[in-house]
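Subject: Handing over the structure

Hi,

Here is the structure I promised to pass on. Have a look at it first, then read my notes below.

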Amino acid sequence: MKYEIIVVGGGHAGCEAALASARKNHKTLLVTSNIKNIADMPCNPSIGGPAKGIVVREIDALGGEMGRNADKGALQTKMLNTKKGPAVQALRFQADKITYPKEMLKTLKTTENLDIKEAMVEKLIVTDGKVIGVELEDGNKIESEAVILTTGTYLKAVILTGSTRKSSGPHGEKESRFLSDNLKELGFTIKRLKTGTPQRIDKNTIDYSKTQEEKGDSVPRTFSFDNIVYKEPKDQIACHLIYTTPKTHEIIKEHLNESSMYGGYVEGVGPRYCPSIEDKVVRFSDKERHQLFLEPESLYYDDIYLQGFSTSMPNEIQDIMVHSLPGLEHAKILKYGYAIEYDAIDSKQLKRSLETKIIENLYTAGQINGTSGYEEAAGQGLIAGINASLKLEGKAPLILKRNESYIGVLIDDLVTKGVKDPYRLLTSRAEYRLLLRNDNADLRLRDYGYQVGLISEKKYKEFTKKKENIKAVIEILKQTRITPKKEINEYIKQIPSTPLKDGISLYDLLKRPEISIENIKHFLNLDYSREELEQVEINAKYEGYIKKANKEAEKMLALEEKKIPEYIDYDKVPNLASEARQKLKEIRPTTIGQASRISGVNPADISILMVYLRRND
Amino acid sequence: MNDTIVAISTALGVGAISIIRLSGKDAIKIVNNCFKGKDLTTAESHTINYGHIIDKNQIIDEVLISVMKAPKTYTTEDVVEINCHGGVISTKRILETMLTHGARLAEPGEFTKRAFLNGRIDLVKSEAVIDIINSKNEEANKIALSQLNGSTSNMIKKFRNKLKQLLASIEVNIDYPEYYDIEVVTKDNIRKSIKEMKMDLDKIIKESKNTTLIKEGIKTVIVGRPNVGKSSILNKLLEQDKAIVTNIAGTTRDIVEGEICLDGIILNIIDTAGIRSTNDIVEKIGVEKSLSMIDDADLVVVVLNNNEELTMDDEEILEKTKRKQRIVVINKNDLSKKLDISKYNLKNIVETNTNTVEGIKNLKEKIIELFELENIKTKDYTYLTNARQISLAKKAYLSLKEAETGINNDLPIDMIEIDLKNTFDFLGEIIGETYSEEILDHLFANFCVGK
């Protein structure tokens, strides 16, 4: 049996990669060690959050699956940062850990051109620097034209609790023992990373009277631009907030050396931005308390995820730690927290298309590239799937720019800067975040989705209509003027806003911070969707800032336009600082813009490089 | 930059000794090939060696040679300095000898260019070196020297660090929206920080303007209707006949420049074509040029004729210059007074005539008073000294101001952050820590880095 594309791994990256490739009419095989674990959520029961939520919107805009699937599995939906501006708002859903994987599996199974096989891949088959298939544990070989590796935390996975080390994937699944050795032989640099997960608590043993209820939004929210609401806000479930106590901190300090991390039992580097509770207590010792969220995992079972309490302490210490928390004095731990160590490759060995530099037609996505998070994985999976397909079609890869998407920021960071600890996408990683908003992901990316063939004609028509409507409303508001008549000023005063002195267009009125599009509707019948009107409002209010951000982005794009010849010999560029020379040789950036983002390459080095390139034009 | 460059580093023809400097990988070898004395290729770094420069077995001069090996040299390359006896002929002959032995004549500023490109000095420092080379007076030289010591860079770096901390605390709040225990940056905090930074930056810019005056001089434009005596005043100031002085109205059609030194400060004086309505095409161009000169000037000297009544043209000139730093000269005060300017409440009036020196002296004193020239020199010299730096500092200031406006209009913090980020980047460009195309263009313009 021969396939065009084989995807190894059925997590969030693998699902997006396989769906993109199959939907682009390439015969695709998804190989997973356990079909039951497809689209599994082994850590937190939520999708989205700052920056990550925007990635989900981007995935949807490009024609990926995560947004739609999260909508189907939503237990609670919430827009974060609503008190701040539109640039940093992001959606976060609590997602049902049963429904989410079930729905994803359903989608995979009903997608044409896509087969799923339960097996363990041990080796890549490579000839002349090009991958041509995979070899399974049982020795069977499957041929393909391209392979996408999305192995998650499974490569040489080791689970740690206290001083116990056990070779195993998440949930006691079988780990992949040989694939990372094979990758090493092929020339990849293998890194050891670590991540962790907190306890699951039996919800019937929690005293909720000592917790603070955290509800979702009262307006319906969706990740997908399809806007289908599966769970109305009134039916959504609540999370609960508690804080650690002085006693918790005492216990942790007392038993610190028994944790895998502090006891020295961990080789892997853990994520800085998602620290374990031990880390938090040690590193932020001045903080008297840390907040923890009790998050339901599913409607179908009783596990409550103790967000913020990730630990690698031995089980018996975890018991007393958990019992020191308010409302959890008698809590029953259903699953103990653990740390997991796994192999990853050096993401600097990747091109911006996510194809590896070493082996042609081999792509990697997700935790194998050193990222953490479902959303980061899915975003890469989608891009790897699209680009592997485009390669087979003989077309140029889809490379998203930093001013176009968080996915672009993520991939550029990975291939340009590399990672030391598991990479988490943060709002602050995006220089042009005002352009990369939750609300405009479709306006930024749907064209690409359509061009690569993942957005249907029908959807694209709807999208075009939306763009036209936004333009039309802006025009109407600019044309419509109101004058300081008594009844008009009375309305404006009660909003409250400053009464008019002169005539003003509705568009200019909308620029006032206190005026919303709802107020504008008082003067004019606007029969347009909430999303369309939201765009108009953001445009009116932040036009000046958006222009500024665009101006900054243009500077960056100008540097992106300056290509560095593929075969440049950095040893021939005189006077580069030695660190810069070494980094440039290692990463081989394709543009001056990318080169300027490499840490250790200073503006002076860029000047020197530019001088060299101008002279050798 | 694989070749070795050579230049005479001291002013030609003055002084008891001259220095010829070489930089590049063959510097030591080239000098050694025409040196009689110790073998320089085996000399230790940073030593001075006695001997003779010879050309075709003929001794040219008795010299001391400083050998400085890479990388601890000005250019980070091998550098050799030949200290020879002053005097045009022997200095030039040594230079020629170096050229025939394989060195290339350095372009202006090329040693500095190498120092910059080799990462030895930052942009501000390299600009400072160019300033030192070009400095017209002692004050300018001092400022340039202080920049070379890095005081400007340090000041900007400190400023950027402050901003960086503010930006970082804003970003933590964005990325951890639900982490209630993180100290929230309130708009009041930000407002306060912005206010402080604005004050600091404003001070830097204001003081930098003074240094521009020191370095580049006070751009003084003399304007007035034809034949009121502008050129005569200029000539009196310059004490030389540069502009053509005649009685025929409209003689000065070009813009004439001259320099005088007032208390160590250069006064660049520009005479303009008389401003009046005219149909003569050549004169019209002159008039338009005069008006545009007014916009650029640091100081405008408006000349009126005491012996004539105020005309429409005079009134227009007074109107056009009312926002500028201005001195009104009432010329020809030796003739009968027909001029009445009482309806204008004019300050800084000086009466002159070109037959006595009294009026011109008053004019000079007025200028010293207006620009507080006596005070400028007593300050320390941590300033931005060229137009590029000052314009970037101004951009940074404007961005801060916009951030302040944003805060006052209660705009979301992520918008305000854009302005703060811009401020940060503009300041970075001053010292070359933010890469921008303009820096490179600047580099190309000043260092003749061509193909």
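Predicted model: local features only at pLDDT ≥ 70, side-chain atom pairs only at ≥ 80, totals over all residues.

**Helix pairs in chain A**

Start with helix 1 (residues 12-23) and helix 9 (residues 374-392) of chain A, which pack at an angle of about 30° with their axes 7 Å apart. The two helices are therefore roughly parallel to each other, and their crossing is right-handed. On the helix 1 side of chain A, the contact includes Ala13(A), Gly14(A), Ala17(A), Ala18(A) and Ser21(A). Across from them, helix 9 of chain A contributes residues including Tyr374(A), Ala377(A), Gly381(A), Ala384(A), Gly385(A) and Ala388(A). By class, the contact between helix 1 and helix 9 of chain A splits into 13 nonpolar, 7 polar and 1 charged.

Next, go to helix 2 (residues 52-62) and helix 11 (residues 441-452) of chain A. Their axes are 7 Å apart and the angle is about 35°. Helix 2 of chain A also passes helix 11 of chain A in a right-handed crossing. From helix 2 of chain A come Ile54(A), Arg57(A), Glu58(A), Ala61(A) and Leu62(A). Their partners in helix 11 of chain A include Asp442(A), Arg444(A), Leu445(A), Arg446(A) and Tyr448(A). How many charged residues does the contact of helix 2 with helix 11 of chain A have? There are 5, together with 6 nonpolar and 1 polar.

Lys466(A), Asn469(A), Ile470(A), Val473(A), Ile474(A) and Leu477(A) of helix 12 meet Glu532(A), Leu533(A), Gln535(A), Val536(A) and Asn539(A) of helix 16. Sorted by class, the residues of this contact are 6 nonpolar, 3 polar and 2 charged.

**Helix 6 and its two sides**

Which residues of helix 6 (residues 246-254) of chain A are buried? They are Thr248(A), His249(A), Ile251(A) and Ile252(A). Looking down the axis of helix 6 of chain A, these buried residues fall within an arc of 160°, so they line one face of the helix. The background is that an α-helix has 3.6 residues a turn, so residues three or four places apart point the same way. Pro246(A), Glu250(A), Lys253(A) and Glu254(A) are exposed, on the face of helix 6 turned away from its buried side. The buried residues of helix 6 of chain A pack against helix 7 (277-283) and helix 8 (315-323) of chain A.

Tyr262(A) sits in the loop between helix 6 and helix 7 of chain A. With 18 C-beta neighbours inside 10 Å, Tyr262(A) counts as partly exposed. Setting aside neighbours within four places in sequence, Tyr262(A) is in contact with Leu256(A), Asn257(A) and Glu278(A). The C-alpha atoms of Tyr262(A) and Asp279(A) are 9.0 Å from each other, with the residues 17 apart along the chain.

Find Gly85(A) in the loop between strand 4 (74-80) and strand 5 (90-95) of chain A. Is Gly85(A) buried or exposed? Gly85(A) has 23 other C-beta atoms within 10 Å, so it is buried. Leaving out neighbours within four places in sequence, the contacts of Gly85(A) are Pro412(B), Ile413(B), Asp414(B) and Met415(B). Within chain A, the C-alpha atoms of Gly85(A) and Leu434(A) are separated by 9.0 Å, although the residues are 349 apart along the chain.

Most residues other than glycine have a negative phi, and most peptide bonds are trans. Here are some exceptions to check:

- His171(A) has a positive phi of about 55°. It lies in the loop between strand 12 (164-167) and helix 5 (179-185) of chain A and is exposed, with 12 other C-beta atoms within 10 Å.
- Arg588(A) has a positive phi too, near 45°. Arg588(A) belongs to the loop between helix 17 (578-587) and helix 18 (592-596) of chain A and is partly exposed, with 18 other C-beta atoms within 10 Å.
- Ile495(A) and Pro496(A) are joined by a cis peptide bond, with omega about 5°. Pro496(A) is in the loop between helix 13 (486-494) and strand 23 (504-505) of chain A.
- Ala70(B) and Pro71(B) are joined by a cis peptide bond, with omega about 5°. Pro71(B) is in the loop between strand 5 (58-68) and strand 6 (79-85) of chain B.

Cheers

Note on methods: Residues numbered from 1 in each chain as written. Chains lettered and ligands numbered in written order. Buried ≥ 20, exposed ≤ 12 C-beta atoms within 10 Å, placed from the backbone. Helix = DSSP H or I, 4+ residues; strand = E, 2+ residues; numbered from the N terminus. Arc of directions from axis to C-beta. Contact = placed C-beta atoms within 7 Å. Nonpolar A, V, L, I, M, F, W, Y, C, P; charged D, E, K, R; others polar. Axes fitted to C-alpha atoms, helices over the stretch in contact; angles between N-to-C directions. Left-handed = near helix turned anticlockwise from the far one by under 90°. Parallel < 35°, antiparallel > 145°, perpendicular 65-115°, else oblique.
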